[in-house]
Every structure is written in C-alpha cells, then in structure tokens.
Amino acid sequence: MNKAELINSVSEKLGVSKKEATETIEIVLGTIIAATVETGECVIPGLGKLKVRDTKETSGTAPNGTAWTKAAGKTIKLALSAEGKTLV
C-alpha cells in the first residue's frame, strides 16, 4: 500500500474528505517520526518498535549525476511485535 492508497482507505473508512485524511495521516506520521528521532525509539502497541540505528555515512552522486551528496549516518528500523508478525 502506498500513501495515496492509505489516504483513500482512511477517507472511505472514516467518511471524511481526502484532504482531511491526508492532514490526519501526515500529523500522525510526523508525530511518530519526531518522537522516534527525539527519544531514539517509539513503541506502537500491536505493530512494533521503531528505533533509530546508527549506520555508516555514505556519499555519492545525485541521481542526475551533477552533484555529490552525503547520506546521513542514521536510519529508522521497524521491529515487528509478536502481534504484528501474526498479521503478516
């Protein structure tokens, strides 16, 4: 499922406009990501734990090949809970 499909699904299930569903999803995801970055992890019952992991900083060219870029040395990893694994 991509973001557009998620928006459509939430819009239909809640009976709200796509604009309202988009705003809601962006607020929820933004809050989760901010909490994860701020504290280092975020536990979502029924789904799992998001955790910031240190990775090697990398560099390379931009997709169009015109400039060098550096990728941050951090990623966010999701570890599914036991309940989340049963859903898969």
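The model is predicted, so local features need pLDDT of at least 70 and side-chain atom pairs count only at pLDDT 80 or more, while totals for chains, interfaces and linings use all residues. Residues are numbered from 1 along each chain as its sequence is written, and side-chain values use heavy atoms, with hydrogens and water left out.

**Helix H2**

Helices (H or I, at least four residues) and strands (E, at least two) are DSSP runs, numbered from the N terminus.

Which residues of H2 are buried? They are Ala21, Ile25, Ile32 and Thr36; buried means under 20% relative accessible area, exposed over 50%, and partly exposed in between (1.4 Å probe, protein chains only). Seen down the axis of H2, the buried residues fall within an arc of 35°, taken from the directions from the helix axis to the C-beta atoms, so they line one face of the helix. An α-helix has 3.6 residues a turn, so residues three or four places apart point the same way. The cover over the buried residues of H2 includes helix H1 (3-14), strand E1 (41-44), strand E2 (48-54) and E5. On the other side of H2, Lys19, Ile27, Val37 and Glu38 are exposed. After H2 comes Gly40, with a positive phi near 95°.

**The nonpolar patch**

Leu29, Ile33, Val37 and Ile76 make a nonpolar surface patch of about 360 Å². Ile76 sits in strand E5 (residues 74-80) and is partly exposed, with a relative accessible area of 40%.

**Salt bridges**

The whole structure holds three salt bridges, each a side-chain nitrogen of Lys or Arg within 4 Å of a carboxyl oxygen of Asp or Glu.

| Pair | N to O distance |
|---|---|
| Glu26 and Lys3 | 3.0 Å |
| Lys49 and Glu41 | 3.8 Å |
| Asp54 and Lys74 | 2.8 Å |

Asp54 lies in strand E2 and Lys74 in strand E5, so this pair ties together parts that are 20 residues apart in sequence. Both Asp54 and Lys74 are exposed. Glu26 is partly exposed, with a relative accessible area of 43%, and Lys3 is partly exposed at 44%.

Note on methods: Patches are made of residues with over 30% relative accessible area and no salt bridge: like charges are joined within 9 Å, nonpolar side chains (Val, Leu, Ile, Met, Phe, Trp, Tyr) within 5 Å. Accessible areas come from the Shrake-Rupley method with a 1.4 Å probe; for residues, only the protein chains shown count as cover. Contact means heavy atoms within 4.5 Å.
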